[in-house]
Amino acid sequence: MYIPAVVIGAGHAGLAISHGLTERSVDHVVLERGEVAQTWRSERWDSLRLLTPNWQSRLPGFAYDGDDPDGFMTMPDVVHFIESYAKAIDAPVRPHTTVESVRRAARGYEVITTSGTWDCSAVVVASGGFNLARMPPAAADLPTGVDSVTPLEYRRPDQLRDGGVLVVGASASGVQIADEIQRSGRPVTMAVGEHVRMPRTYRGKDVLWWMEVTGRFDERYDEVDDLVRARHVPSPQLVGTPERATLDLNTLTSAGANLVGRITAITDGTAHFSGSLRNVCTLADLKLVRLLDEFDEWAIQDGIDDEVGPPERHAPTRVDEAPRLSMDLGREVTTVIWATGYRSDYSWLHIPVLDRKGELRHDGGVVVESPGLYRIGLNFLRRRKSSFIHGAEDDARYITNHLAAHLRANRSTQLIATRRS
């Protein structure tokens, strides 16, 4: 059957696209492999909360309206929020419909699913950027007898075998999982690479309030010097808790965790670590100071310096004088958790628009090489806030405007061709 537009994914980004298409009177369908917000239901650990405060949870025509604006949603809360949005906008969601193939076709695209085939003029990929765990080459050499777990599989500490745990990666997922496991009584070692240190609050305000009011979140993808790097910056070391607590490497070492450098290889059951731990921690500390300096300068320029708390600075990250460079995995740990990032799954996309690393080539969500194909929900897609729930609105507005113009151009071309024939 033909329909002008197909949206793949019924998470917050896909639903924001649906809202925009409905506003523009574009007939469409939203295909979802499971239920609305399926990823939030099935691929998150039990204790996870949003990194963003509730007041920042907003989508086109919809926003958090509860009595705890400074709190942080649990995963059931997030699912309820997104489900409520889907109902509020009456999104045309087709649940339990897995996309098996997307190909070019005469009218634009052929979308083959487990529930039938759609022909369409436009496709919006809104399937998220966290479909598959990104694993370093060393993961293939993990010795027999040591469990390998990713954040997509991790649920709670008691699912792990007794014994030590090596958490590889020190971004948001890594520090949160390491903290939870450490609290459960298991010894934890963290392999630390590049990371972004960030306090939960600064001068009495949530740090993401500062990111929003200073315009950092609105920085555009065409305003940065190195877009590839900007899109691969690790997620900040933040956690959402009722106490609005800061969670950084100092918090973890104070609780007993050990820090080592980035994992470089595993040979004969021994993990080898880089000697760059002190350097990467120092760099993260310097970047934090620069960020807080920017906040302070903005507060003065905007005339609110007297309305917020006094400036704050944080102690440098504590690193042992001689961090260890190797570990006997079979003797010291029973589980390795690979908190080393995620990547998108495009195994069903049979169009030559992927680069050599398997990432979609696009210009701010528009796949120029394949007119009518779009992407939403990736890190820094169009703005620094793109990967957050509240970042979907601006991106969806631009993409649905572009898509509607594409459909109009197609109709004009077809009309001219019909008249000539």
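This note goes through the model in numbered points, from confidence to strands to charged side chains.

1. The structure is a predicted model, in which local features need pLDDT of at least 70 and side-chain atom pairs count only at pLDDT 80 or more, while totals for chains, interfaces and linings use all residues. Residues are numbered from 1 along each chain as its sequence is written, and side-chain values use heavy atoms, with hydrogens and water left out.

2. The average pLDDT of the chain (the predictor's confidence in each residue, from 0 to 100) is 96, and 98% of the residues score at least 70. Residues 417-421 need care, since pLDDT stays under 50 there and the model gives them zero contacts beyond four places in sequence; contact here means heavy atoms within 4.5 Å. Where pLDDT is low, the predicted coordinates should not be read in detail.

3. Helices (H or I, at least four residues) and strands (E, at least two) are DSSP runs, numbered from the N terminus, and two strands pair if DSSP finds at least two bridges between them. An open sheet of five strands, paired in parallel, has the order β5-β2-β1-β9-β22. Because β5 (93-94) and β22 (373-375) stand at the edges with a single partner strand each, one side of each is left without a neighbour in the sheet. The partner of β22 is β9 (residues 122-125), joined to β22 in the parallel sense over three bridges, with Val124 standing opposite Tyr374.

4. Strand β13 (residues 188-192) has five of its five residues buried, where buried means under 20% relative accessible area, exposed over 50%, and partly exposed in between (1.4 Å probe, protein chains only). Val188, Met190 and Val192 cover one side of β13, and Thr189 and Ala191 the other. In a regular strand the side chains alternate between the two faces of the sheet.

5. Strand β13 pairs in the parallel sense with β12 (residues 165-168) over four bridges, and Leu166 has Thr189 as its bridge partner. Four bridges also join β13 to the parallel strand β16 (residues 258-261), where the bridge partner of Ala191 is Val260.

6. The structure holds 29 salt bridges, each being a side-chain nitrogen of Lys or Arg within 4 Å of a carboxyl oxygen of Asp or Glu. One of them joins Arg33 and Glu43 at 3.2 Å, N to O. Arg33 lies in the loop between β2 (28-31) and α2 (38-42) and Glu43 in the loop between α2 and β3 (58-59), so the pair ties together parts that are 10 residues apart in sequence. Arg33 is partly exposed at 41% relative accessibility, whereas Glu43 is buried at 17%.

7. Glu212 and Arg58 also form a salt bridge, with their closest N and O atoms 3.0 Å apart. This pair links distant parts of the chain, 154 residues apart, with Glu212 in helix α5 (residues 207-213) and Arg58 in strand β3.

8. Asp395, in helix α10 (residues 392-420), is buried yet has no salt bridge, and the nearest side chain of opposite charge, Arg382, is 4.7 Å away; Lys and Arg count as positive and Asp and Glu as negative, while His and the chain ends are not counted. Beyond its neighbours within four places in sequence, Asp395 is in contact with Ile376, Leu381, Arg382, Arg383 and Ser386.
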